[in-house]
Amino acid sequence: MKYLRAKWGRSQQQLADELGITRTRYSKYEYGMAEPPIGLLVKIARYYGLTIDEIISVDLYRVS
């Protein structure tokens, strides 16, 4: 998630605002301290134009 966020030129706060969550909560997902619920994974995938499979199981450095 950090790679995608940086590639799109967004701060954690900007992305958290767009997803409707706090920056602290987003940060926990980005650093692997927590896992986002499925509904949020759907929002993230749609935001980036990817599938949930691509978000969770593909090396995004190779896809992007």
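I take buried to mean under 20% relative accessible area, exposed over 50%, and partly exposed in between, with a 1.4 Å probe and protein chains only.

**Entry 1: basis.** I am working on a predicted model, where local features need pLDDT of at least 70 and side-chain atom pairs count only at pLDDT 80 or more, while totals for chains, interfaces and linings use all residues. Residues are numbered from 1 along each chain as its sequence is written, and side-chain values use heavy atoms, with hydrogens and water left out.

**Entry 2: salt bridges.** I looked for a side-chain nitrogen of Lys or Arg within 4 Å of a carboxyl oxygen of Asp or Glu. The structure has two such salt bridges. One joins the side chains of R5 and E30, at 2.7 Å from N to O. R5 is in helix α1 (residues 2-7) and E30 in helix α3 (residues 23-30), so this pair ties together parts 25 residues apart in sequence. Helices here are DSSP runs (H or I, at least four residues), as strands are (E, at least two), numbered from the N terminus. I checked burial next: R5 and E30 are both buried.

I then looked up R10 and E18, whose side chains meet in a salt bridge at 3.6 Å, N to O. R10 is partly exposed at 28% relative accessibility, and E18 is partly exposed at 47%.

**Entry 3: aromatic rings.** I paired rings of Phe, Tyr and Trp (its six-membered ring) with centres within 6.5 Å, calling planes under 30 degrees apart stacked, over 60 edge-to-face and the rest tilted. The count comes to three aromatic pairs. For W8 and Y47 I find centres 5.4 Å apart and planes at 35°, so the pair is tilted. W8 sits in the loop between α1 and α2 (12-19) and Y47 in helix α4 (residues 38-48), so the pair ties together parts 39 residues apart in sequence. W8 is partly exposed at 36% relative accessibility, whereas Y47 is buried at 18%. The rings of Y47 and Y48 have centres 5.0 Å apart and planes at 85°, so I log that pair as edge-to-face. Y48 is buried, as is Y47. I note W8, Y47 and Y48 as one aromatic cluster.

**Entry 4: helix α3.** I listed the buried residues of α3 as Y26, S27, Y29 and E30. Seen down the axis of α3, they fall within an arc of 160°, so they line one face of the helix; the arc is taken over directions from the helix axis to the C-beta atoms. These buried residues pack against α1, α2 and α4, with contact meaning heavy atoms within 4.5 Å. After α3 comes G32, with a positive phi near 75°.
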